[in-house]
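The sequence and structure are shown below.

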Amino acid sequence: GALSRAAGIAPLVSLVTNGLEVQKGRAARALWKLTLRDQGNQAAIVRAGAIVPLMSLARSGGQLQKGLATGALCNLAFNADDRVVVIQDAIVSPLVRCARECTAMQKEHSRAALEVLANKLDYQIAIARVSSMEM
């Protein structure tokens with residue numbers, strides 16, 4: 001249930017933030033797997049405060065860490081209820097940057113997340129603004 005999800009997710013978020021490099025990668029992989037097709041897990045991950053740590057890892061982690069964090073963020077963007085949280089946490093800028101500069105897999109995940117977010121006018125405006133600022 002939701003309580004067991006929260007109990008298991010919080011330590012993973014902590015490891016993404018404060019763990020050793022190998023722990024960050026393993027925690028990011030676990031969060032990515034938990035975001036696959038499970039809106040309950042997605043909501044629990046957002047509530048546990050994972051957006052900002054995943055964004056940080058997507059920007060500054062190793063290649064594998066970046067890919068896993070970007071994949072998790074992409075999956076979170078597909079949950080309509082969490083889109084507001086994702087956009088409020090300034091995910092658009094790192095996603096736009098990654099869509100241009102990251103590995104092929106990371107570019108694919110970033111573009112997929114941006115496409116989902118772009119379904120709403122507010123997000124279209126934010127994406128256009130960030131895209132024009134970064135050119």
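## Overall composition

Of the 135 residues of the protein chain, 46% are classed as buried, where buried denotes under 20% relative accessible area, exposed over 50% and partly exposed in between (1.4 Å probe, protein chains only). The structure is a predicted model, in which local features need pLDDT of at least 70 and side-chain atom pairs count only at pLDDT 80 or more, whereas totals for chains, interfaces and linings use all residues. Residues are numbered from 1 along each chain as its sequence is written, and side-chain values use heavy atoms, with hydrogens and water left out.

The chain contains 9 helices and 0 strands, arranged along the sequence as α-α-α-α-α-α-α-α-α. Helices (H or I, at least four residues) and strands (E, at least two) are DSSP runs numbered from the N terminus. The accessible surface amounts to about 7000 Å², and carbon and sulfur atoms contribute 56% of this area; the areas come from the Shrake-Rupley method with a 1.4 Å probe, and for residues only the protein chains shown count as cover. Among contacts (heavy atoms within 4.5 Å) with a separation of 6 or more, 62% join residues 24 or more positions apart.

## Helix α3 and its ends

Helix α3 covers residues 39-47, and its buried residues are Asn41, Gln42, Ala43, Ala44, Ile45 and Val46. Gln39, also in α3, counts as exposed because its relative accessibility is 52%.

At the start of α3, a side-chain oxygen of Asp38 comes to within 2.9 Å of the backbone nitrogen of Gly40. Just after the helix, Gly49 adopts a positive phi of about 85°.

## Packing of α4 against α5

Two packed helices are described by the angle between their axes and the distance between the axes. Helix α5 spans residues 63-77; its axis and that of α4 come within 7 Å and cross at roughly 140°. Axes here are lines fitted to C-alpha atoms, for helices over the stretch in contact, and angles run from 0 to 180 degrees between N-to-C directions. The crossing is left-handed, meaning that the near helix is turned anticlockwise from the far one by less than a right angle.

On the α4 side, the residues in contact are Ile51, Leu54, Met55, Leu57, Ala58, Arg59 and Ser60; they meet Gln65, Lys66, Ala69, Thr70, Ala72, Leu73 and Leu76 in α5. Ala58, in α4 (residues 51-60), is buried because its relative accessible area is 11%. Beyond four places in sequence, Ala58 touches Lys66, Ala69, Thr70 and Leu73. The C-alpha atoms of Ala58 and Leu68 are separated by 7.9 Å.

## Packing of α5 against α8

The axes of α5 and helix α8 (residues 104-117) come within 9 Å and cross at roughly 20°. These two helices are therefore roughly parallel, and their crossing is left-handed. Contact is made by Gln63, Lys66, Gly67, Thr70, Gly71, Cys74 and Ala77 of α5 with Met105, Gln106, His109, Ser110, Ala112, Ala113, Val116 and Leu117 of α8.

Asn75 also lies in α5 and is buried, its relative accessible area being 14%. Apart from neighbours within four places in sequence, Asn75 is in contact with Trp32, Thr35, Leu36 and Gln42. Gln42 is itself among the buried residues of α3.

Key
Polar contact = N/O pair within 3.5 Å; in protein donor to acceptor, adjacent residues only side chain to side chain. Parallel < 35°, antiparallel > 145°, perpendicular 65-115°, else oblique.
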